[in-house]
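Have the viewer open and follow along, topic by topic.

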Amino acid sequence: MGGIRFSMIGEDLWSVSVSVLKKYQGVGLGKKSIRDGMRELCKKIGGRVSVEAKVLESNHVSLHTFKSVGFTVHLAQGGIAVMRRMNDG
Ligand SMILES: CC(C)(COP(=O)(O)OP(=O)(O)OC[C@H]1O[C@@H](n2cnc3c(N)ncnc32)[C@H](O)[C@@H]1OP(=O)(O)O)[C@@H](O)C(=O)NCCC(=O)NCCS
């Protein structure tokens, strides 16, 4: 149906990338996998975590999806928005 991947990119900072197959898009799976994935990540590392997503500014659905689950734009450069959700856990 798709996939989600977290990679450690700094002390207490992880990156996330997510994709949902076209035929399953728009029914809540993107939001659910980000929320569930972040919960699992916090459990696994046993502490607070900040997560970053890099999204094309032209990708309105993706921007909206991350905003919907609590991410805000940290910086925007060269058509890419770096979005973060800080200190969950
Ligand atoms: C971005 C992506 C993961 C979203 O997954 P999804 O399962 O389709 O999204 P959801 O069903 O959880 O919807 C999330 C929000 O976007 C909205 N949305 C979803 N598809 C939409 C569409 N085609 N047009 C407008 N809004 C849309 C939903 O209504 C929802 O809004 P809400 O929070 O206000 O209710 C998916 O579109 C995707 O895989 N895109 C290609 C890969 C990508 O861009 N990844 C992100 C970069 S890491």
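Predicted model: local features only at pLDDT ≥ 70, side-chain atom pairs only at ≥ 80, totals over all residues.

Two strands pair if DSSP finds at least two bridges between them. The protein has two helices and five strands, and from the N terminus on its elements run β-β-α-β-α-β-β.

**Overall build**

- The protein has a radius of gyration of 13 Å, which agrees with the value near 12 Å that a compact globule of 89 residues would have.
- Along the principal axes, the C-alpha atoms fill a box of roughly 35 × 30 × 20 Å.
- Of the 89 residues, 18% count as buried.
- Among contacts with a separation of 6 or more, 50% join residues 24 or more positions apart.

**How the strands pair**

- Trp14 stands opposite Val51 in S3, and Val51 in turn stands opposite Arg85 in S5.
- The pairing of S3 with S5 is antiparallel and covers seven bridges.
- S4, residues 72-77, pairs with S5 in the antiparallel sense over five bridges.
- S4 and S5 form a hairpin too, with two residues between them; here Gly78 in the turn has a positive phi, about 60°.

**The nonpolar core**

- In soluble globular proteins, nonpolar side chains tend to be buried together.
- In this model, the largest nonpolar core has eleven residues: Val16, Ile34, Met38, Val49, Val51, Ala53, Val55, Phe66, Phe71, Ala81 and Met83.
- H1, S3 and S5 (80-88) each supply at least two residues of this core, and the largest share, four residues, comes from S3.
- Which residues does Phe66 touch, not counting those up to four places away in sequence? They are Ala53, Val55, Phe71 and Met83.

**Around the ligand**

- Of the 20 residues around the ligand, Ser19, Gln25, Gly30, Lys31 and Ser68 come nearest.
- Strand S2 (13-20), helix H1 (29-45), strand S3 (49-56) and helix H2 (60-68) are the elements that give two or more residues to this shell.
- Which element gives the most to the shell around the ligand? The answer is H2, with five residues.
- By residue type, the shell divides into seven nonpolar, twelve polar and one charged.

**A look at the S1–S2 loop**

- Glu11 is found in the loop between S1 (2-10) and S2.
- Is Glu11 buried or exposed? Glu11 counts as exposed because it has 6 C-beta neighbours inside 10 Å, and the cut-off for exposed is 12 or fewer.
- Glu11 and Gly47 are 36 residues apart along the chain, and their C-alpha atoms are separated by 12 Å.

Terms used:
Residues numbered from 1 in each chain as written. Near = placed C-beta within 6 Å. Nonpolar A, V, L, I, M, F, W, Y, C, P; charged D, E, K, R; others polar. Buried ≥ 20, exposed ≤ 12 C-beta atoms within 10 Å, placed from the backbone. Rg over C-alpha atoms; globule rule 2.2 N^0.38 Å. Contact = placed C-beta atoms within 7 Å. Core = buried A, V, L, I, M, F, W, Y, C linked by C-beta atoms within 7 Å.
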